[in-house]
Amino acid sequence: MAFHEYKDYDGLGLAELVKKKEIHPRELVEEAIKKIEMLNPSLNAVINKMYEKGRLAAEETSDDGAFAGVPMLMKDITQEIEGEPLTSGSRSLQTYRAKRDSNFVRKVRETGAIFLGQTNVPEFALMGITEPVHYGPTRNPWNDDHTPGGSSGGSAAAVASGMVPIAGANDGGGSIRIPASYCGLFGMKPTRGRTPVGPSFGRHWQGASVDHILSKSVRDSAAMLDELAVNEKGAAFLAPPNNGSYLEEVGISLEKGRRFAFSVSSPIGTEVDSECKEAVYKTAKLLEGMGHHVDEVHAPVNGKKIANSYLILYFGEIAATLASLEDTLGRRTRFRDVEPTTWLLGLLGKATTAEDFVLGLREWDRAAYQMEEFHETYDFYITPTTAFPPAKIGELEPGPAERMAIQIVGRSGMGGVLKKIGIVDQLAEKSLMRTPFTQLANLTGQPAMSVPMHMTKNGLPCGVQFMAAKGKEDTLFRLAGQLEQTSQWISLK
């Protein structure tokens, strides 16, 4: 198979060639390795290569799995591969090796996909950009001066550049959808509890984070979710059952007359770039042309309270992560073990009370009921996926004065003082102003997807987000499959 032909196929297309004996998995593996070696020096998407294991797997793979023989990459956080590193983007974990496959990895492995490596993430997956100090920044294949987003930025860059057709990802505040938007990919965040979380955990980020994949095609995402959808006995959350096939839904057109609500206003009151608004307006017009009802209506939730409750979780989870590092390091975690910003956020977590945390979770539950009632009227809620197109590499890094302040505060342990002077509200606006739309679905547990529906004047993709009621991935896939056939959809070919 010629090199350009490999890039033109999605995962299911490659698997079909394997099943027809038109190509052997070893040939696909070698094409993927060639592609990674060619592109990774400039993109820095892959931080751990597993070529020899991949070659061995290619010789042993049967052709009966949904993704039999298909090369893919896994994300360097939560997606544990037995015997391989799992650094979570941090130098503090550079010597850690996974003791077993996570249940997510095990289920993906059962599809016949072949793992060739792991992808770059920001330290502990904390940012909407992928610029960890330990590994350096991952760059956007559309323009390598820009970020591919985060935290699944390495996976997004790998898929968008054609290294592999699919890659592991997870989403705790937009980490599938943000990179999908920035890289012109399809990204589905499933309903809370839909995909495996065990055996090391019963929940990720209190249920806000869900594992899945990033893909070029809608059908790859749907087929993988068919394979991943399980009810784990030990998991904290179970998704509403789906009795059909997500892959079959992709081929069914959404019936006319569905009701769509849309908003282009930031839920935290900050600016939204005109290109991101235009993406939504164009998509709304397209849907009207398909025979649907489209109204400009805001979600019935308090956006600032949602943002604050998300950050309370964020701080608490970081503090817990730093505490758990002590078991791995065999000593107390120190300031120099992690990036200064990570340490600062951990201090804010230590200054967060159990009362704060519980009140934040109650805000999630309140929003979940408000959105369920909203979806009794509207089948879908549309927003920009992000408020701005991709930032340039380094653009969002702290300036010299900010770095000095972080160093001083971090070393002095002044988290409680920061909390008292209202730093949480300030952080909410600064950290979420570029990506204020995605967190809502994580907190309510709803499925949400980013679809590549717009290209900016600067030649960068800009996604549109669709949310639906809990358990309604089927209708989202049906809609996405139909949009994928329109001329507005951005093609990677």
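How many residues does helix α11 have, and what does it reach from its first C-alpha to its last? Helix α11 (residues 303-329) has 27 residues and spans 39 Å between those atoms, close to the 39 Å expected at 1.5 Å a residue, where the expected span is 1.5 Å times one less than the number of residues. Helices here are DSSP runs of H or I with at least four residues, strands are runs of E with at least two, and both are numbered from the N terminus. The model is a predicted one, so to speak of local features takes pLDDT of at least 70 and side-chain atom pairs count only at pLDDT 80 or more, while totals for chains, interfaces and linings use all residues. Residues are numbered from 1 along each chain as its sequence is written, and side-chain values use heavy atoms, with hydrogens and water left out.

Both ends of α11 have something to show. After the helix comes G330, with a positive phi near 75°.

Then there's the sheet. It is open, has 11 strands with mixed pairing, and runs in the order β1-β3-β2-β4-β6-β5-β10-β11-β9-β7-β8; two strands pair if DSSP finds at least two bridges between them. The edges belong to β1 (46-49) and β8 (293-296), each with a single partner strand, so one side of each has no neighbour in the sheet. From one strand to the next, the twist averages 30°. One of the parallel pairings is that of β2 (residues 71-75) with β3 (residues 114-119), over four bridges, and here P71 sits opposite I114.

Strand β10 (residues 448-455) is largely enclosed by the rest of the structure, because seven of its eight residues are buried (under 20% relative accessible area, 1.4 Å probe, protein chains only). On one pairing, β10 meets β5 (residues 186-189) in the antiparallel sense over three bridges, with A448 as the bridge partner of K189. On another, β10 runs antiparallel to β11 (residues 461-467) over seven bridges, and H454 stands opposite C462. Five residues lie between the strands of the β10 and β11 hairpin, where G459 takes a positive phi near 80°.

Back to helices: α2 (residues 11-19) and α8 (residues 218-228) pack at about 75°, with axes 8 Å apart; axes are lines fitted to C-alpha atoms over the stretch in contact, and angles run from 0 to 180 degrees between N-to-C directions. That makes α2 roughly perpendicular to α8 (65 to 115 degrees). G11, L12 and G13 of α2 make the contact with R219, D220 and A223 of α8, contact being heavy atoms within 4.5 Å.

Technical notes. Buried < 20%, exposed > 50% of the residue type's maximum accessible area, 1.4 Å probe, protein only. Parallel < 35°, antiparallel > 145°, perpendicular 65-115°, else oblique.
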